[in-house]
Amino acid sequence: VTDSQALVYWSLLGRNIVLKVSNCAIASLGRELLELTCRLGNTLKRQGVKRGDRVTIYMPPCPLAVASMLACARIGAVHTVVFAGFSAESLADRIRDGKSQRTVITVNQGLRGGKVIELKKTVDQAVKQCPGVKRVLVSMRTDSKFPITAQDVPLEEFSLLQEMMKEDVCCEPAAMDSEDMLFLLYTSGSTGKPKGLVHSQAGYLLFAALTHKYVFDYQDRDIFGCMADIGWITGHTYVVYGPLCNGGTTVLFESTPVHPNPGRYWETVERLKINQFYGAPTAIRLLLRYGDEWVKKYDRSSLKVLGSVGEPINKEACEWYFRVVGETRCPVVDTWCITVSFALETGGICISPRPSNPGAEILPGMAMRPFFGIRPSLLDDKGNVLLENNISGALCISEAWPGMARTIYNDHKRFLETYLTPYPGFFFTGDGAYRTSEGYYQLTGRLDDTINISGHRLGTAEVEDVVNHHMAVAESAVIGYPHEIKGEGKMLAGPTSTLVAWPTPFPQPYPCSSPSQVTHRLPKTRSGKIMRRVLRKIVEDKASELGDLTTLDDHEAVQQIIEGRKRLVEGHKSC
């Protein structure tokens with residue numbers, strides 16, 4: 001299947017897994033999803049995977065990736081899906097931390113935006129750092145033969161499909177406790193070490209199914225199109241578990257919004273008759289810049305609900321989404337799940353405009369109302385609950401809910417310190433919010449130093465860790481700044497002897513260049529902590545609003561950065 005044809009969906013209401021290609025031909029994959037899952041489950045068991053074992057899945061959105069997740073769940077194993085854009089180092093970190101040191105499932109190559117991604121080669125590099133990995137199962141996503149790992153690594157490699165065909169189509173599901181681990185999924189941490197969030201069997205699935213059904217007014221036989229990658233929690237919940245639990249038809253999207261042209265999303269809607277479309281604000285902002293023509297070229301009459309996820313959507317993009325894409329007849333539901341990692345901690349949507357009443361008022365760019373069982377609270381910096389309206393504060397949740405993560409794998413102390421200690425008695429989301437006079441909630445963004453690029457959460461410490469390995473870099477600080485398309489961009493500042501060159505792929509969605517500023521010193525407190533808020537204000541051209549600098553160790557460092565910033569901007573304008 002070529003990249004331009006990589007739009008896959010199946011329905012549990014029908015009898016076959018179906019692959020729809022761009023010329024509208026329909027090719028049956030020849031077996032039901034259950035059969036595919038059972039064969040794969042039996043394959044894993046024959047390979048020695050047992051209940052409770054962790055299995056790493058490093059695959060793009062494709063039927064076998066979803067079947068791999070479901071096969072692990074069926075035999076009681078724990079799947080750990082790693083986004084198929086992370087570097088070998090990031091993949092190895094997650095394999096080691098999750099003790100998923102026996103089995104990795106991958107594909108020979110991925111296809112994204114017309115480019116071939118060498119996923120098997122990335123796995124080869126990763127497993128060299130993970131001597132405990134015993135086997136790699138490889139699915140053939142393209143016709144290219146996958147390379148065999150070097151002989152110095154004691155590893156067995158198998159063609160996944162060939163091994164599956166040896167197995168029976170029946171696989172008895174394992175009986176699991178409601179609080180047993182269903183999956184482990186990682187998010188970047190502000191300390192540089194990824195956090196493996198643990199989700200349970202019953203609570204997560206209940207929350208995924210209910211939020212999918214009620215937030216989007218999902219009805220039987222609707223075709224649900226979530227554009228998220230399965231490597232993120234949004235893909236877990238709203239591509240795999242939520243729609244399939246509700247007996248729905250779900251869409252897998254392996255491409256970009258502008259390949260082969262900016263009409264890709266809307267051509268997909270027309271061809272597959274998608275009813276609910278769930279995308280990210282960064283993609284909406286990008287497509288808005290291409291004008292209305294690419295949207296109006298395609299029939300979108302099947303659409304009933306438009307969704308937004310990943311970060312707060314600005315009013316301009318929201319209104320264009322409603323007016324042009326939805327033809328003013330499709331409500332836009334702006335969903336909030338914790339901006340830090342987009343539902344990873346919450347398991348699903350916690351605030352949305354219409355959790356219970358399909359006819360309720362919707363205000364553009366506002367998540368508005370809590371979902372069933374969610375009790376949001378705003379707290380000030382002293383931990384006092386703010387009861388009045390027309391006020392901003394730290395957004396916390398005051399009661400437990402079914403979909404919440406249970407712990408950070410192998411580090412429950414960190415889980416408590418991150419989410420429960422900052423505001424005792426409350427779950428701290430890390431986001432700020434404003435409550436309107438009507439009692440509606442509007443998200444205002446992160447309260448920490450992590451950044452959000454194109455709907456993906458990125459820990460600054462992870463980027464800094466990579467940059468600091470370069471021999472020319474003495475120290476670095478990465479901060480986010482407003483970006484009209486990506487929501488946030490990232491900028492590097494630091495003392496170097498030469499301009500920074502990226503030595504290795506970043507542990508982020510895809511390697512990309514970012515502006516950098518060379519300076520002799522970074523602004524630090526007397527205790528040695530880098531004052532990133534100062535850097536952020538300078539990048540935002542708000543040097544007059546630096547705030548309290550009493551703890552700053554070297555005031556000259558700030559002035560040098562301000563002057564360097566001016567030269568950088570002037571040089572950019574002259575180009």
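Asp-541 is found in the loop between α14 (532-539) and α15 (555-574), where helices (H or I, at least four residues) and strands (E, at least two) are DSSP runs numbered from the N terminus. The structure is a predicted model, in which local features need pLDDT of at least 70 and side-chain atom pairs count only at pLDDT 80 or more, while totals for chains, interfaces and linings use all residues. Residues are numbered from 1 along each chain as its sequence is written, and side-chain values use heavy atoms, with hydrogens and water left out.

Although Asp-541 is not a glycine, its phi is positive, at about 60°. Asp-541 is exposed, with a relative accessible area of 60%; buried means under 20% relative accessible area, exposed over 50%, and partly exposed in between (1.4 Å probe, protein chains only). Asp-217, likewise not a glycine, has a positive phi of about 50°. Asp-217 lies in the loop between α6 (201-215) and β13 (223-226) and counts as partly exposed at 34% relative accessibility. Most residues other than glycine have a negative phi, and most peptide bonds are trans. The peptide bond from His-259 to Pro-260 is cis, with omega near 5°, and Pro-260 is placed in the loop between β14 (249-253) and α8 (264-272).

Strand β4 (residues 54-58) is mostly covered, five of its five residues being buried. In a regular strand the side chains alternate between the two faces of the sheet. In β4 both faces are covered, with Arg-54, Thr-56 and Tyr-58 buried on one side and Val-55 and Ile-57 buried on the other. Strands pair if DSSP finds at least two bridges between them. β4 pairs with strand β5 (residues 78-81) in the parallel sense over four bridges, and Val-55 stands opposite His-79 in β5. Four bridges also join β4 to strand β6 (residues 103-107), which runs parallel to β4; Val-104 in β6 is the bridge partner of Thr-56.

Helix α2 (residues 63-75) packs against helix α7 (residues 233-245) at an angle of about 60°, with their axes 12 Å apart; axes are lines fitted to C-alpha atoms, for helices over the stretch in contact, and angles run from 0 to 180 degrees between N-to-C directions.

A disulfide is a pair of cysteine sulfur atoms within 2.5 Å, and by this rule the count is zero. Cys-171 is in no disulfide, the nearest cysteine sulfur, that of Cys-38, being 5.3 Å away. Cys-171 is buried, with a relative accessible area of 4%.
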